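Biologist: I would like to learn how to read a structure such as this one, starting with charged side chains and going on to packed helices. Could you take me through some cases?

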Amino acid sequence: MTRNDSFALYRRLLGYVRPYSKVFALGVLAMIINAAAEASVPALLQQLIDGSFVKKDPEFAHLMPLALIVLFIVRGLSDYVHSVALASVATHVVLDLRTTMFQRILTLPLAYFDRQPSAALMSKLTYNAQQISPIITSSLITIVKDSLTVVGLLGYMLWLNWKLSLLFFTVLPVIAWVIRSVSRRLRQFSRAQQNSMGSLTHVAHEVLGAPREIRIFGGAAYEAKRFHDVAASVRRYMMKTTRTSTANGPIVQFIAVLALAAIIYYATLATRSDQLTVGGFVSFFGAMALLLAPLKRLSNVNEALQRGLAAAASVFELIDAEPERDTGTRELSRSSGHLRFEDVGFRYPGAESDALDGVTLDIRPGESVALVGASGSGKSTLMSLIPRFYSPDRGRILLDELDTHELRLADLRANIALVTQHVVLFNDTVAANIAYGAPGEVSREQIERAAEAAHAMEFIRELPQGLDTPIGENGARLSGGQRQRLFDRARAAQGRADPAARRSDLGAGHRERAHRPAGDRQPEARPHHGDDRPPAVDDRQRRPRRRDGPGPRGRGRHARGAAGARRAVPQAAPAPVPRRQRAGRDRRAMNTAAVLPLELPAGRPPRILIVRLSAIGDVVMASGLIRSLRARWPDATIHWLVEPVAAPLLAHNPRLDGVKPMPRAAWQKLWRERRLGALAAEVLAFRRSLRAERYDLVLDAQGLLKSGLCAWMTGAPQRVGLRSHEGSQFLVHHRVMPPRGADRRIGSEYRALGIALGAADADFKLDLAVGAAQRERARAVLAEAGVAGRWVALCPFTTRPQKHWFEDRWAELAGAFAAQGLQPVIVGGPGDVEAARRIAALAPAAVDLAGRLRLDETVAALAEAALLVGVDTGLTHMGTALDVPTVALFGSTRPYLDTATPRSVVLYDALPCSPCRRRPSCAGRFDCMRSLQVQRVFDTAVGLLGGRPMIPLVPAP
């Protein structure tokens, strides 16, 4: 930044001072008086010494003490007045700048926010704006008052003895050069420090906004390093600023002291020759001494001044940003809702290809349209063009046959209701959030009608202050379901309930159809019926809410009508249990499918935690509980506590509200290191985090002591255990004990737990979800390995040798699939690499992917397979959960016989010794697995695909 730019910035800042010019002038006048009073001290000192001590004048002896008192009273009052006056002006200027910035932010186009991180804007509003205050307070005081003091003292020194004063003036150019050099470096460091502070705010904002994602994906170490690097950068620039500004003062003072030393020497000679009186010498020396303090402040003022000017530059950069253009002139009071796209094209700035190209679409009034497509296909972009968040590069958009660019923005957006995929609530009362955005005053009755229409009053009445209850930041004091209902339904209902504020909701109506943006090639378009808005159809859909009855045209795709609704099982009302009563004393063992007499809070959706820590296969089979619980309590907040190794199986499930990892590995490490104090602290912190969630119901779906302890740590008033033993039965209130072997379906014991909670048997279905990024990664690995077309996943690996099938048979089966045109792919984890290499060596046609995919990527890869064959392992159960044709080979273990789907088959021979589980009695022959011949497995697999083997199998030599 050049010197002219600095003056221009300062002049612009003084423009913000103009409304407070009277107070500012009073402060400047007080500074002048203060400077004059300070410069008068040496003159008064000369009169005191010469008149009282040299001439011994009694009049001076009486007047000088009074003069000193008056002088310091004036000095003190002027110092108070200028400090308070300038501080008042500075705070007003900062307030005006922040208000101007905030108003500019409210009018900026959406493209500006795409380029600028929100944390950088926050830093400008808070940190940078505050750095301007010293320019008007401390820096201005230093520049004006200390400069006047220096001028006054130098003038007095010239009046006393001009020859001595000239000695002092010789060092001023050197001092000015030092100050200028330091100023340049301080400006550079201040600008870099403010940018680093913006980055620090950005990182902290991201971390504080995503605590669940960071923990579930194990990103704590990465985020800690990232924060440390940015914080270290802030510290580095702070130290550079400190070193430069601190060195500036001593250098300037050393140069000044050299001149003072010469002045003292010549002043002594002048005194000897009677050219200077004793009082004059003391006064001259006192003036020089008084010069040091203002000179030091003037030399150090650069730090605050340059920091403030750098901050002012960034603030004015935001203020000068071009606001959102409103070129429309036509008015539109109420739209009929006829929306038409004509050959619309759009490309984001800097992008290499179009986001939209040639989109033509006609949406008639009363019609509901769902945009279906892959992630990145332009659905959100197309929606953003309607309210003119962006402007199309080609084509036009018509609303009621009027080009939207000809309409005033306020009129256009007043005819659009927006329900985004993200819940956005404000730190205000429930009533204020419901009424948000409605023009004019909204009556209490209108708010209540909107809440009733959204079925939100049932939980609002239970809040401490009803509609006047503050909900916290983004609704932090509400449950996930309550936030969703308040945001999506009540706010939209307010727009429909108030005729004056009614919007033409383009997503609501009576006729529905689906449209696919140009360039999208997904084969299925899915219309949505019977809801106030179509769900966003993407790789990860928003969880749809169940309606109490049929939609406008009967049962919808996600809404269950009266004919299809599950009849709720009435729950018994048990006698109240004292809160302090021990869990074990109220423990009930349920051996049948009777509904548990749970005591859940009335008037609000429950908060539920599933505890199934491991293993991967059991987590897969227990995943059916998610759908059971969601069907039983549609608006419940559902979390899952699991060990980190299995957490990726659940991380992408849209029907789960959160996944909480149990840090068992970290605890074991502390135990091995005998760091018992640290271990106790970690366990207590974990317990506090669980209790902070305030769960109403905890399900121990593992039934072991470790899972029971986790359930107990939550302090939930209702804890249910599944086959609880090892002492965990004393840590739960209810115990579900389904009879062994009575139900041979996959996940039967978890199914029984869901039924005991009041869910229907049909609601239980294994529930795995695939993340978009994991799907792309899996496809890339498959393509890199040369896998193209239809392929079969071979899953030979388990944790126990008695569950294995033989490696030579896997190789023979792989060759048979290859001969049928199915590419065999060996899938396994990092611990299976060596065994996979041995099988691949026996089967050259097989592709070995063992250890090359993470767990969630493995799920995504298996979802792409045409067929899966595996032993009793979690990967095999995933095939059934993903609805991939699956052949399960069971022997010493038999977790289930019925896969509950015609697309999966279990091959199992019931020998007298099987299932032996962990106690084989065949001396290592594993007859149960040996009886499963390759031809039988192959025929079964091909039968699942709907074909017949083209050639008979020839056993491998």
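Biologist: Which side chains meet Arg-394 or Asp-357 in a salt bridge, and where do the partners lie?

Modeller: In this predicted model, the side chains of Arg-394 and Asp-357 meet each other in a salt bridge, with 3.4 Å from N to O. Arg-394 lies in strand 4 and Asp-357 in strand 2, so the pair ties together parts that are 37 residues apart in sequence. Arg-394 counts as partly exposed, at 33% relative accessibility, and Asp-357 is partly exposed too, with a relative accessible area of 49%.

Biologist: Is Glu-857 buried or exposed, and what does its side chain meet?

Modeller: Glu-857 counts as buried because its relative accessibility is 7%, where buried means under 20%. Its side chain forms a salt bridge with that of Arg-777, at 3.6 Å from N to O; Glu-857 belongs to helix 28 and Arg-777 to helix 25, 80 residues apart. Arg-777, at 37% relative accessibility, counts as partly exposed.

Biologist: How many salt bridges does a search of the whole structure find?

Modeller: The search finds 41, and Arg-340, Glu-342, Arg-396 and Glu-401 are linked in a network of such bridges.

Biologist: At what angle do helix 22 and helix 23 pack?

Modeller: Two packed helices are described by the angle between their axes and the distance between the axes. Helix 22 and helix 23 pack at about 60°, with their axes 8 Å apart, which makes helix 22 oblique to helix 23. Their contact has 6 nonpolar, no polar and 2 charged residues, including Phe-686 in helix 22 and Trp-712 in helix 23.

Definitions and conventions:
Residues are numbered from 1 along each chain as its sequence is written. This is a predicted model: local features need pLDDT of at least 70, side-chain atom pairs count only at pLDDT 80 or more; totals for chains, interfaces and linings use all residues. Side-chain values use heavy atoms; hydrogens and water are left out. Axes are lines fitted to C-alpha atoms, for helices over the stretch in contact, and angles run from 0 to 180 degrees between N-to-C directions. Helices (H or I, at least four residues) and strands (E, at least two) are DSSP runs, numbered from the N terminus. Angles under 35 degrees count as roughly parallel, over 145 as roughly antiparallel, 65 to 115 as roughly perpendicular and the rest as oblique. Contact means heavy atoms within 4.5 Å. Ala, Val, Leu, Ile, Met, Phe, Trp, Tyr, Cys and Pro count as nonpolar, Asp, Glu, Lys and Arg as charged, and the others, Gly among them, as polar. A salt bridge is a side-chain nitrogen of Lys or Arg within 4 Å of a carboxyl oxygen of Asp or Glu. Buried means under 20% relative accessible area, exposed over 50%, partly exposed in between (1.4 Å probe, protein chains only).
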